[in-house]
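Subject: The structure I promised you

Hi,

Have a look at it first, then read on and tell me what you think.

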Amino acid sequence: LSKPVVFFLDDLQWADAYSLHLITTLVTDKAIQNLTFIGCFRDDEVDNTHPLGITLYEIRTRSVAITKIKVNNIIKEDINALISDTFHLSDSFTTSLTDIVHQKTNGNIFCILQFLQSLCDGGLLQWSSVSNSWEFKNSSIEAEFFPHDKVRILVRRILHLPEKTQYALELMSCVGASCLESTLMLFLDENIAINVKKKEMTNIDDKPSQIRKQRNDLLLFFKFAVHEGLIKEEGANYRFSHDHIQFAAYSLIPEDEKILWHLQIGQNVWENASEREKDKVIFIAVDQMNYALGLLESDGQKENLAKLNLRAGEKAMSLSTFSSSALYFDSGIQILGKHQWENNYELSLHLHNYYAEAEYCNGNFSAVGQAAGVILSKAESPSHKVRAYFILIKALCAQNRLDEALNIGIKVLTQLGKQPPSEFSDVPAIYANFNKTASI
């Protein structure tokens, strides 16, 4: 790097294996100069066995200097400085308010900001046009109930919003920390809660114009949460301002209804997406529907969802996200159940073959062997076994088990009616040549 670069990443406790590997590569490569990497994580969620903890240990063993800065709760003096600066009041005047804020929040900056926001919302801390300054009454603020749990704080705040805003936040909380507006409009539907209450998994037959108007109305209520600072609007994307806000919104959905909400959202996303959009929303749609695997009763529903998992897995493979692709293929296999080879032979064959290939890419060779074993025992013809044999041979070679790979290769050629070349008959000699080549 010709110029100094500071690279900052937040919430490293949630980083996946590929991201951690990239970070390790960047900070341990001595050829990379002028790079400062800053990472932020919650140390109460990371121990020595956590992937991030293991990564940090590995980085230290490579003689890379790591400076650890622990961010503690802020002291009373700093709280007073924050309040006096924010509301343009003298620090001596805000001391009494600071004492109350510190008592109720214990100096946690997130709780402090939420508490001050709740005081403004409740009119206990307000601007006076008479005195031309912010005013507050200590006695009223001291009597104000304020929960110490972060999620409960946010639940309390969300419940003060209009009901439709609450509902829109609950819907978005089901799909994750962020969502494109185009995707949000596919499932921003008042009928989801209605269907769940009625235990119906079909869309209410409204006219398209009514549906569009309903979604646009809900979007306006949703944007009220943007105004309130609960959601960040980043171009065409919406993001919860904090993960605790997502947790709080999700906690408002009745526990016994959550799976049905996920199922309805997944179905709405998939059914309402155009053919051109389906590849873009496949992961969200399938992830949502996979929550409800235990609710699927008919063979047709199971087969359709298994096919969607196959499609999602293929898409993930094309993006080289092999861990995700393996999960989709495995989900498809689990959905079809015990009699899948009798009832869905072609689909089962595809799912198992792809699963073996994905796990090969993940380096999970035991899973490759298990999947290949199932295929070889269930496949109806030698030609249907070739793909499994091929990935099995690759996995054996990757483990330096070359003699086993060679034996399987000869066996496959024989099964296909192809006579191996005569020089292949002397397996020990071939293996000796492999070792000789490898040592060069």
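Predicted model: local features only at pLDDT ≥ 70, side-chain atom pairs only at ≥ 80, totals over all residues.

H13 passes helix H14 in a left-handed crossing. The axes of H13 and H14 (residues 275-290) come within 8 Å and cross at roughly 165°, which makes H13 roughly antiparallel to H14. On the H13 side, the contact is made by His262, Leu263, Ile265, Gly266, Gln267, Val269, Trp270 and Asn272. H14 brings Glu277, Lys278, Val281, Ile282, Ile284, Ala285, Gln288 and Met289. Sorted by class, the contact of H13 with H14 has nine nonpolar, five polar and two charged residues.

His262 sits in helix H13, which covers residues 258-272. Is His262 buried or exposed? His262 counts as buried, because its relative accessibility is 1% and the limit for buried is under 20%. If you leave aside neighbours within four places in sequence, His262 is in contact with Cys174, Tyr250, Gln288, Met289 and Tyr291. Gln288 and Met289 also belong to the H14 side of the helix contact.

Next, helix H7. H7 runs over residues 150-158, and its buried residues are Ile153, Leu154, Val155, Arg157 and Ile158. What covers them? The cover includes helix H5 (109-121), helix H8 (163-175) and helix H12 (243-251). I followed up the last of these. The axes of H7 and H12 come within 8 Å and cross at roughly 65°, which makes H7 roughly perpendicular to H12. The crossing of this pair is right-handed. From H7, the residues Lys150, Val151, Leu154, Val155 and Ile158 take part, and they meet His244, Ile245, Phe247, Ala248, Ala249 and Ser251 of H12. By class, the residues of this contact divide into eight nonpolar, two polar and one charged. Leu154, Val155 and Ile158 of H7, which take part in the contact, are also among the buried residues of that helix.

H5 turns up again in another pair, this time with H4. H4 and H5 pack at an angle of about 120°, with their axes 10 Å apart, which makes H4 oblique to H5. H4 passes H5 in a right-handed crossing. Leu97, Val101, Lys104 and Thr105 of H4 make the contact with Cys111, Ile112, Phe115, Leu116 and Leu119 of H5. The class count for the contact of H4 with H5 is seven nonpolar, one polar and one charged.

Where is Thr94? Thr94 is placed in the loop between helix H3 (76-87) and helix H4 (95-105). Thr94 is buried, with a relative accessible area of 0%. Apart from neighbours within four places in sequence, Thr94 is in contact with Asn80, Ile83, Ser84 and Leu89.

Leu89 leads on to Glu135. Glu135 and Leu89 are 46 residues apart in sequence, and their C-alpha atoms are 9.5 Å apart in space. Glu135 lies in strand E4 (residues 133-136) and, at 39% relative accessibility, counts as partly exposed. Not counting residues up to four places away in sequence, Glu135 touches Leu124, Leu125, Gln126 and Ser128.

Finally, the cysteines. How many disulfides are there? The count comes to zero. Cys361 is in no disulfide either, as the nearest cysteine sulfur, that of Cys397, is 15 Å away. Cys40 is partly exposed, with a relative accessible area of 34%, and Cys361 is partly exposed too, at 38%. Cys111, for its part, is one of the H5 residues in the contact with H4.

Happy to talk any of this through when you have had time with the model.

Best wishes

Definitions and conventions:
Residues numbered from 1 in each chain as written. Heavy atoms only, no water. Buried < 20%, exposed > 50% of the residue type's maximum accessible area, 1.4 Å probe, protein only. Helix = DSSP H or I, 4+ residues; strand = E, 2+ residues; numbered from the N terminus. Contact = heavy atoms within 4.5 Å. Disulfide = S-S within 2.5 Å. Axes fitted to C-alpha atoms, helices over the stretch in contact; angles between N-to-C directions. Parallel < 35°, antiparallel > 145°, perpendicular 65-115°, else oblique. Left-handed = near helix turned anticlockwise from the far one by under 90°. Nonpolar A, V, L, I, M, F, W, Y, C, P; charged D, E, K, R; others polar.
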